[in-house]
Structures are given as structure tokens and as C-alpha cells.
Amino acid sequence: MRAIGHFYSGRLQPGDGRVSDVFDPNTGQVQAQVQLGDTALVERVVAASKAAQRGWAAVNPQRRARILFEFKRLLERDMEALAYLLSSEHGKVIADAKGDIQRGLEVVEFACGIPHLLKGDYTQGAGPGIDVYSMRQALGVVAGITPFNFPAMIPMWMFAPALACGNAFILKPSERDPSLPLRLAELLVEAGLPTDVLNVVQGDKAVVDALLNHPDIKAISFVGSSDIAQYVYGRGAAKGKRMQCMGGAKNHGIVLPDADLDQAVADIMGAAYGSAGERCMALPVVVPVGDHTADALRERLVASIESLQVGVSTDADAHYGPVVSAAHKARIESYIQMGVDEGAELVRDGRGFALQGYESGFFLGPTLFDRVTPQMKSYQDEIFGPVLQIVRADSFEEALRLPSQHPYGNGVAIFTRNGDYARDFADQVEVGMVGINVPIPVPVAYHSFGGWKRSGFGDLNQYGMDGVRFYTRVKTVTQRWPRGGVLADSSFVIPTMS
Ligand code: NAD
């Protein structure tokens, strides 16, 4: 059995602890076992990271950026192989795996601008002979805990800005697809990153807790499901760490009667079923306004579903591949049954789908529900599979209320030709990321990513300037250079500018 270990001291390390199975989702077979680290390993890696960080922070930002430029070149060089590796454990199709890598690479590109991004503020003459300036300094050793569904992009959201700012970074990837993050670590070393500035510790809750408890970890970025995000956030914040924890989602696509329906359906199909629905910015709920829009939309969705192709992840014609595990497949199926039991109309049932030659793979056909209502648990919960739910609304106001009152608030999209409605919607909806005729509004690398409510705990988003802010702390210097002699007697009141 192939063994997947950790990465520290500049190379792959075997590990000798508990293990967890890593599946090939296409065949359903165990293809490897990943090591699960423990507290002792975390202690050891943090100590190495701490020693390496001082030197790394002293490298000037332009030189740090050059290593990231080279890392970007290596990602482009190896794109094909990386995409196959990613897909082999995750199950997403190759083109989508390349997108996963590319969206991370774009954050690396952003981080290459770090010399400019780290420039501080300066005020000359804030008082007589007084200047004030501020600088952004690295935190020290920071950590990232990532989910299975974007094993390339999300680690790069985190470590690209963290490293650029001069921190050492410890990555704890998902135990379900742990290989791609190890390749990223190897490529960083090949690009010239000094030993132990980026380390990877594989593991589960035990490693997460060891990172949360370690006093030398100054900040933790987490992306995963909401209950765990909330736990990690609370525990880390109580330990005095800087925390940003992104959670789950249930994103709505609002379709107004004036929308270009063919375009909206094309967009919704890709956003609902792409990557088998295993995206935190997927669009698993569609809200047509008015029964006329709902009926027309449903008819087109059903027709599009007929031509959807589910296949192995290496099939270039497949629209999506298997889900990540048998357990996740069973969970999705139980939510389909829940929808039926709650009285929603099951228009297309993806259960029982079998791909010839891959009968043990974790495949699910596309599922469509109509007449889903906000009271249903299958609507309130994140399903995270190829399941699309139609919730009919009578008015714009009702359509605006649905995502606003939903416990999750990651992304939302509105399809319309009406600028007034679109503008009001963007202004009033209680969701962190809004698409106007854009189904998956993941912000580009120089903006930043973050949801509201149960989709995000903490106040700074991922990447963009928020990433730079998260991984640095500001030091502000007030300096005075008197021109000789004592300027004033001791003052016992707070200095002011009055
Ligand atoms: P998950 O919550 O199961 O795992 C995320 C990470 O937490 C993994 O590294 C895992 O090892 C660790 N973990 C699991 N159980 C833990 C526990 N009890 N204590 C401490 N750590 C634990 O999430 P997942 O299934 O890997 O990923 C899918 C979820 O992530 C979905 O809910 C999805 O919406 C969410 N997600 C959110 C975003 C976002 O930016 N908001 C992006 C991608 C995925």
C-alpha cells in the first residue's frame, strides 16, 4: 500500500503513526494511506518553522517575491501532472482540477506584488519635528487547515500571502486528498524557498488541536464545514491567536422574469452540478420569481440535465466525476430521501446511477427538486452534492429574503436585465459575495473572499489586501528629532494636538 507522509526539513517524511485511507473515487478502491500526525510531530515542526522564520522575514520582500515568481513558473510547467494528481484523489474532472490550480496560482501572482503591498504609511511633520510611520511585520509561524474540495487553490489562498509577508507556514491539508499539497511544498523548495519555511503536517482533529494549542502559532486560517470552523475559531481565539475561519454554504441563484433564461440555465447547470456540487460557491438553490418563470426554468433545466454527462474524472467529455467518498455519497443520498420525505417534488433522482466498468465508484446522477420550501431541513442544510433545489418565490422581495434569512451567507447570484433590481439586490442581500448575471462570484485574487453568517467566522477575508492584513501586524512609530535642547518640561497629561 502506497504511504503518504508529511513534508518538513526540506523533504517528504514517512511518518509512523495512525493512518487514514485515501480512495480513488472513480473506482471506490483504497489507493494509499496517509499518515496522521500527532502533538509530538506538531511540536517538532513548529520548532523547525520558528527557527526558519527569522531568516525568512529578514529576506527583503523583492527577493521573497522572486521565489514566488519562480513557484508560479513551476506550477505552469507542471500544470498537467498536478491536475491529474489532484483529480486522482478528489475525483473532479481534469479541466476543473486545472481551474483549482489556476485560481491558486492567481493568488501567487498577487503575492508577487508584495514589495508594493507591504509599503507602510508615513506622515511627515505630524507635529514640530515629529514624523509618524507604520510598517507591516510578519506574525511569525502561522498555520492553515484546509478542506478536501480545493486541495490546490485553498492552500495557495493562504500560504502565498503568508509567505510573501515573511511568515513561516504550516499546512494541515484534508486527509482525503493529501498528495497535491505535498507537491506544492516540493515545488516551493525547488523554487528556492528556504528549508522549513513551508511545512506540511498531515492529520485529523489531533493535529488541528495541537496547532490550536501551540503558543508559537500566531494565526490560523481555516476553511471547511461550519461547525468545525466555529469550533476552530472559538478555540483559537480563546488562545489569543488571530483567526479566520470560513464555513459551509447554501448559495441561491435568483432568476427574475426578465432574465435571459437560456443563459441563466447554462450558468446554473455548471454552477449546480460542476465538481459534483462539491464547491462552497456552488449554486444548489435556484429561486425563480413567479410561476411562469419557474415553469419555463424547470423545463429548460430538465432538458439540460438529460444531456449532462457523468464520467470518470479523466474523461474529457464528462461534465463532472464522482464525489469524494462513499460516506459522502451516502450522506447526499440521505438528503435526497429527506427531501422526498419532507414533501418536495423529486423531478430527477440521481440515486442508483452506475457507470459501466466503475460500479464501485462514488458516482451520483444529477438530482433536481421542485417546490422546496424554506421550512425543509434539506433546504436549510448544506448538501454538497449534485442536487439542485427549486424554491419558488412570488416576488422580488421574497427572493431577496430567502438568501438573506438563510443561516449561510457565502455567495448569491441574481439573473436579470433590470439594473434597478440588481443594484437593490446587491445593496440589501445579507450575503458576502454577490454575482450579477455571474453564477459563481468568487472574487479575483486582488479582491478578497469571504462569506457572512455561518459561512465565515472572523473579520478578515481570504487573499487580496485582507490576506496581507491577516498575515501581518502593524507597528506604528512616532519619532521626534529635536534640534537641540529640551523642548518642553515633563508633561503629565496625555499629549494632544490641541
Ligand atoms: P471539514 O470541515 O470536514 O474538514 C475541513 C478541515 O478540518 C480538514 O482539514 C479536516 O481534517 C479538519 N477537521 C475535520 N474534522 C475536524 C474536527 N472534528 N476537529 C478539527 N478539525 C477537523 O470540511 P470538508 O468536508 O473537507 O470540506 C467541505 C466543507 O468545506 C463544506 O462545508 C464547504 O462548504 C466548506 N468550504 C468552504 C469554503 C469557504 O471558503 N467558505 C471553501 C471550500 C469549502
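A residue is counted here as near a molecule if its C-beta atom, placed from the backbone, lies within 6 Å of it.

**Figure 1. The shell of residues around the ligand in the predicted model.** The model shown in this and the following views is a predicted one. There are 26 residues around the ligand, and of these P147, G224, M246, G248 and C280 come nearest. Sorted by class, the shell comprises 11 nonpolar, 10 polar and five charged residues. Because domain 1 (2-247 + 455-477) and domain 2 (252-436) both give residues to this shell, the ligand lies between the two domains.

**Figure 2. The chain as a whole, given as context for the close-up views.** The chain contains 16 helices and 23 strands, and its C-alpha trace spans about 85 × 60 × 40 Å along the principal axes. For 498 residues, a compact globule would have a radius of gyration near 23 Å, and the 25 Å of the chain agrees with this value. Of the 498 residues, 52% count as buried. Among the contacts in the chain with a separation of 6 or more, 71% are accounted for by residues 24 or more positions apart.

**Figure 3. The contact between domain 1 and domain 2.** The chain is divided into domain 1, made of residues 2-247 and 455-477, and domain 2, made of residues 252-436. The centres of the two domains, taken over C-alpha atoms, are separated by 31 Å. To the contact between them domain 1 brings 17 residues and domain 2 brings 23 residues. On the side of domain 1 that touches domain 2, helices α3 (79-90) and α4 (94-111) each supply at least two residues. The residues on that side of domain 1 divide into five nonpolar, nine polar and three charged.

**Figure 4. The nonpolar cores, with a close-up of L211.** The largest nonpolar core has 85 residues, and L211 and I220 are those with the most contacts inside it. Helix α6 (residues 153-164) gives the most to this core, with 10 residues. When residues up to four places away in sequence are not counted, L211 touches V42, A143, I170, K172, I217 and I220. A second, separate core has 62 residues, and A294, F384, I390 and A399 are included in it.

Figure 5. P439 is placed in the loop between strands β20 (433-436) and β21 (452-453). This proline is buried, because 23 other C-beta atoms lie within 10 Å, and 20 or more are required for that class. With neighbours within four places in sequence left aside, P439 is in contact with G253, D267, I268, G270, A271, L283 and A413. D315, by comparison, is 124 residues from P439 in sequence and 25 Å from it in space, C-alpha to C-alpha.

Figure 6. S275, a residue other than glycine, has a positive phi near 55°, and its place is in the loop between α10 (261-273) and β14 (285-288). S275 counts as buried, since 25 C-beta neighbours are found inside 10 Å. R371, which is not a glycine either, has a positive phi of about 55° and is found in the loop between β16 (367-370) and α13 (377-380). With 16 other C-beta atoms within 10 Å, R371 is partly exposed.

**Figure 7. K377 in helix α13.** K377 has its place in helix α13, and this lysine is exposed, with 11 other C-beta atoms within 10 Å. Apart from neighbours within four places in sequence, K377 is in contact with M338 and E342. Between K377 and Y335, which are 42 residues apart in sequence, the C-alpha to C-alpha distance is 8.9 Å.

**Figure 8. Y133 in strand β7.** Y133 lies in strand β7, which covers residues 130-138. This tyrosine is partly exposed, having 15 other C-beta atoms within 10 Å. Once neighbours within four places in sequence are left aside, the contacts of Y133 are with G120, D121, Y122 and V477. For Y122, which is 11 residues from Y133 along the chain, the C-alpha atoms of the pair are separated by 4.2 Å.

How values were computed:
Residues are numbered from 1 along each chain as its sequence is written. This is a predicted model: local features need pLDDT of at least 70, side-chain atom pairs count only at pLDDT 80 or more; totals for chains, interfaces and linings use all residues. Helices (H or I, at least four residues) and strands (E, at least two) are DSSP runs, numbered from the N terminus. The radius of gyration is taken over C-alpha atoms; the globule rule is 2.2 Å times the number of residues to the power 0.38. A residue is buried if 20 or more other C-beta atoms lie within 10 Å of its own, exposed if 12 or fewer, and partly exposed in between; C-beta atoms are placed from the backbone. Two residues are in contact if their C-beta atoms, placed from the backbone, lie within 7 Å. Ala, Val, Leu, Ile, Met, Phe, Trp, Tyr, Cys and Pro count as nonpolar, Asp, Glu, Lys and Arg as charged, and the others, Gly among them, as polar. Domain bounds come from an automatic or database domain assignment. A nonpolar core is a set of buried Ala, Val, Leu, Ile, Met, Phe, Trp, Tyr and Cys residues joined through C-beta atoms within 7 Å.
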